[in-house]
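User: Please take me through the salt bridges in this structure. Keep the answers brisk.

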Amino acid sequence: MKIYFLILSAFKFTGGLEKFNRAFMKALSDISAEQKFDLFLKSSHDKLPDERYISKDKFEGFEGNKIKFIFRCLIEAKKMELVFIGHINLAPVAILLRLLNPKIKFIVIGHGIEIWPKQHFFKKLLLRFADKILAVSNFTKNQIVTNNRIDANKITVFHNTLDPYFKIPQNFNKPDYLLKRYGIDEKTKVILSIARINQYEGYKGYDKVLESLPSVKNEVPNVKYILCGKYTAVEGKRLKDKAKYLGVEQNFILPGFIEEKELTDHYLLADVFVLPSKKEGFGIVFIEAAACGAPVIAGNQDGSVDALLNGKLGKLINPDDESEISETIIEVLKKPLSNKSNKIKDYFGFDKFKEILLGILNYSNNYKFE
């Protein structure tokens, strides 16, 4: 069997979608070695892969050259048997492949805001003729069903996973070098958020956390809010000005992008991880934080519900209720949630992810899609 995975990016950009793509290709690569099928991955925007996830001989990157990417896919259309479409924006490519080879089986992966709205033209057609759709959360599945009138039986919920190389700590002490870097001590209570920070990412909810800080500070004076992530100059200035206006500029730290090698240590620094988002497809940061022992607070109106197992792994709150946000943060800082990090690997570990994917592949190999 010849299986293809077509994506926009896995290595050039950072984000939850790229993390999913890396884990997915690693799982496919591992399974292909065990089950002896041919695997081919084509990326529109990447150049070279990180060979921890997939070997160069199975990977072809086109560095943003869409014409070459499409042309190469079409050349190989006759060889394709099962194709995973990693993003709904690749719908035009899938349509062309379908015209050249009607026997191809297509599985579309749906993440979040890119697939929730009512789709039109090529995207609508792809959802209609796809043999299967994988949704990273129940929320994403429900949005696809509701807004695009897709049969729910056609959609399988396929949750995100911890990266196979994510460093899960053996102890849960706060790293000394980060305490020194941020000028805090072990008694300082740390609220942590990690997100992309720009004018388009307001739905992540970091503004709501910042707005809750004055109330939190009144109850927990020795508190710092560390908001990590790459930020634009305009958004960075806006947030710093807002912190000053709220009277919490001394309690707010905006360190910028965090390297992957320091990610676990930042989670260890947190007394609570908070991101009351409203448009999260799943939220890998939630399971990463929980795996590092950090209590987690998330919104109750999107895919975050799946990441926290309906509240079993953390607190779910109304992301629009400012008083509930501040009260829940105060509650957790004063009385930390019990550490449930040992459950994360059972539900969202890479081995579990690969096991589920193998079941999907076995099913697809028999071409029994309904």
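The questions below concern charged side-chain pairs in this predicted model.

User: How many salt bridges does the model have?
Analyst: A pair counts when a side-chain nitrogen of Lys or Arg is within 4 Å of a carboxyl oxygen of Asp or Glu. By this rule the count is 23.

User: Which residue forms a salt bridge with D207, and how many residues apart in sequence are the parts that the pair ties together?
Analyst: The partner is R238, with the closest N and O atoms 2.6 Å apart. D207 lies in helix α7 and R238 in helix α8, so the tied parts are separated in sequence by 31 residues.

User: Is D207 buried or exposed?
Analyst: Buried means under 20% relative accessible area. D207 has 13%, so D207 is buried.

User: Which helix holds the salt-bridge partner of E219?
Analyst: E219 pairs with K334, at 2.9 Å between the closest N and O atoms. E219 is in helix α7, so the pair ties parts 115 residues apart in sequence, with K334 in helix α12.

User: What relative accessible area does K334 have?
Analyst: E219 is partly exposed at 43%. K334 counts as exposed, with a value of 53%.

User: Where do E235 and R238 lie?
Analyst: Their side chains meet in a salt bridge, 2.9 Å from N to O. E235 is buried at 5%, whereas R238 is partly exposed at 32%. The two are three residues apart, about one turn, and both lie in helix α8.

User: Which residues are linked in a network of salt bridges?
Analyst: R238 pairs with D207. R238 also pairs with E235. The linked residues are D207, E211, E235, R238 and K242.

Definitions and conventions:
Residues are numbered from 1 along each chain as its sequence is written. This is a predicted model: local features need pLDDT of at least 70, side-chain atom pairs count only at pLDDT 80 or more; totals for chains, interfaces and linings use all residues. Side-chain values use heavy atoms; hydrogens and water are left out. Helices (H or I, at least four residues) and strands (E, at least two) are DSSP runs, numbered from the N terminus. Buried means under 20% relative accessible area, exposed over 50%, partly exposed in between (1.4 Å probe, protein chains only).
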